[in-house]
Structure formats: C-alpha cells, structure tokens
Amino acid sequence: MMLTVGTRGSKLALIQTESVLESLRRIYPEMEFKVKVIKTAGDKVRNKPLFTIDMKGIFEKEIDLAIAKGEVDFAVHSLKDVPTLESSETVIAAIPKRNSPHDVLISRGNVPFVSLPNGAVIGTGSLRRLAQVKFLRPDLEVVPIRGNVDTRIRKVKRGELDGIIVAEAGLERLGLQSLIAERFSLKQFTSAAGQGALAVVARRDNEKIIKLVSAVDDAPTRAEVTAERSLVLALEGGCRVPIGAIGRANNQTLTFYGCIFSLKTHEKISASAKGTLKEAEDLGRKVAHRLLEKGAKRFEAEWREKYG
C-alpha cells in the first residue's frame, strides 16, 4: 500500500516528515510512502516578518487544502504553525513524542545572554521572543528576521547580528546543537504553544488514515500541547500576541504555566495550574482565566494596536 504525505520543502520540514515516516515504517513495515512537497504562503512571502502577514495558517493552509482534495493522504506540520482553531475538514490525527520545547541563543563568540553588550542586536521572527528579550534585557535591540535556520545562522557568522533566538528542537533535528551558546529555562523564555512537537494531519472523514497514523500518537505530549493550545484559544491570541505556554507531563500529572507580555511597559503576567492529563483543556482555560483577571486583555490590545 502506497500513501502520499504532504510537507513543505525546507530541509527541516523534510527531516521532520521523515522522522514520522520512520516511526510509521517500524509499525507498518509493509507500508510505502511518497513525499509530496507543497509550497505554502509562508514560503512565498519571504520579505515580511511573520507577525505582519494578515493570514492564518501561512505554513500549512495549502497543504491542508491538498488533504481535503485527496491529493495527499496526510501531512506533517510543526504543531506551533497549526492554527488553534481547527479546520472543519482536517484533524490532528497524531502528535508524536515531543522534542525539546526550549528556546536557545546562538551568538557571536558563544557569548551568553546576560553577557551580551548593551545595544547588541538580536534577530527573531517571533513577537513572543521579542517581548521576552525586552522583558529581560530592555537595552538590547531586536530586529525581525526570516529564512530557514541555516540562513539565520549565517547572519550571525557574518556579523550582521550579535545573536539569534531559535527553537532547540529545530537545531536538534538538523544536528546543529553544537552552535548553542545558551539554552533558556522554560520560565525564563517560555515557549510557544506546541513548540518542539509535530502534528500529523489527516482528512477528518478519513477514518482509515486517522487510525493508521494514530499509532504514533504520544498521550503525554498530546496533553501538554492541548493545554497550551487551549490557553491561546481562550485568550484569542495568535502570532501577533506574545503568549508563552508550556505543559509538562509527569506520569498522569500535568503541570501547566502560561504568560503574556506588555508592549509598552515590558511587564509580564503569569499563572499556573496542575491537574491530570485528562484535564489538559480545562487547565489551559483555567490559566487563561487567571491571566485575564490580571490584565491580559490590556496587553493584547497594545500589541494589536501596533501590529493589527
């Protein structure tokens, strides 16, 4: 049996897709897979910061459309790129075991974050990372960057930037961990919802494919990211609001932490909750409610006023 899997064409996307296919081949050795590369809006629009693009699902919309049309049987996405409000036509059929959710610093001379000189220029494509840098080091300059991981690293090596902040999971998958100058704690740099996790997406009515790929689903990871995405959904956040969300599963217990940052005052408000894996969605909503009580809507309004 031959199945077609859709993916973006970047080196990282192809490696991520292959990691899922390797897991599926171990379970279904008789199965064959064909990879179909699909270009997305995020791949085509490369001259704008991500948070200024007025479109949801810029890295997955075209791929999910191919699923809906039956052109591919399923797709592999970075979960943090998948909108929290799921499509009526597709479903996240599996979430494999998560890689690291941490953010890391790559800097010239391997200088740690605290030792970067005043005015050092840090590159990132994420408002969340921008906000966290400004919360910890308001003296640093943060500039928006686009491009794949290799492109961003070259900007540091050429001296265009003093450092970049990227996801550790991507560097792990690319075998570039040796470039890490500092690995941030999850409280210091709280990750984006779903960071480090992959989503295997199938057509909602294709029960055969859903059952097949669900074999690689990891229950603890699914609980963690369910809480994280529930928080973002409850806050009505997105790429234009800097929300940090991290769930940590330990046996049947789930600890969840969320935070949001102010644009104007560089304040940070946070909240946490603990429960069971089955309570993941409720934990996300509970933490969102606590953040709203502390003034999250005011922070959101500041960012949306600036970035739309």
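**View 1. Strands β6 and β8 as parallel partners in a predicted model.** Strand β6 (residues 121–124) runs parallel to strand β8 (residues 163–167), and two bridges pair them. Within this pairing, Gly 123 is placed opposite Ile 164 of β8. The model shown here and in the following views is predicted. With β7, strand β6 also pairs in the parallel sense, here over four bridges. Ile 122 faces Val 142 across that pairing. Neither face of β6 is left uncovered: Val 121 and Gly 123 are buried on one side, and Ile 122 and Thr 124 are buried on the other.

**View 2. The open sheet that contains β6 and β8.** Five strands make up this open sheet, in the order β7-β6-β8-β5-β9, and their pairing is mixed. Its edges are formed by β7 (141–144) and β9 (182–183), each of which pairs on one side only.

**View 3. Asp 103 in strand β5.** Strand β5 comprises residues 103–107 and includes Asp 103. The relative accessible area of Asp 103 is 0%, so this residue is buried. Its side chain forms a polar contact of 2.8 Å with the side chain of Arg 128. A polar contact of 2.9 Å links the side chain of Asp 103 to that of Gln 195. Leaving out residues up to four places away in sequence, Asp 103 touches Arg 128, Arg 129, Gln 132, Ile 165, Val 166, Ala 167, Arg 183, Phe 184, Phe 189 and Gln 195.

View 4. Strand β3 (residues 74–78) is mostly covered, with five of its five residues buried. Phe 74, Val 76 and Ser 78 lie on one side of the strand, Ala 75 and His 77 lie on the other, and all are buried. Strand β1 (residues 2–7) runs parallel to β3 and is joined to it by two bridges. Gly 6 has Ala 75 of β3 as its bridge partner. The pairing of β3 with strand β10 (residues 198–203) is antiparallel and extends over five bridges. In this pairing, Val 76 is found opposite Val 200 of β10.

**View 5. Helix α10 and its buried side.** Helix α10 (residues 296–307) has twelve residues, which at 1.5 Å a residue should span 16 Å; the end C-alpha atoms are 17 Å apart, in agreement with that expectation. Its buried residues are Ala 296, Phe 299, Glu 300, Glu 302 and Trp 303. These residues cover an arc of only 155° around the axis and therefore lie on the same side of α10. An α-helix has 3.6 residues a turn, so residues three or four places apart point the same way. The elements covering the buried residues of α10 include α4 (127–136), α8 (219–235), β12 (253–261), β13 (268–276) and α9 (280–293).

View 6. Beyond its neighbours within four places in sequence, Ile 243 is in contact with Arg 128, Ser 191, Ala 192, Leu 231, Val 232, Leu 235, Gly 237, Cys 259 and Ile 260.

Technical notes: Residues are numbered from 1 along each chain as its sequence is written. This is a predicted model: local features need pLDDT of at least 70, side-chain atom pairs count only at pLDDT 80 or more; totals for chains, interfaces and linings use all residues. Side-chain values use heavy atoms; hydrogens and water are left out. Buried means under 20% relative accessible area, exposed over 50%, partly exposed in between (1.4 Å probe, protein chains only). A polar contact is a pair of N or O atoms within 3.5 Å; within protein, one must be able to donate a hydrogen and the other to accept it, and residues adjacent in sequence count only if both atoms are side-chain atoms. Contact means heavy atoms within 4.5 Å. The expected span of a helix is 1.5 Å times one less than its number of residues. The arc is that of the directions from the helix axis to the C-beta atoms. Two strands pair if DSSP finds at least two bridges between them.
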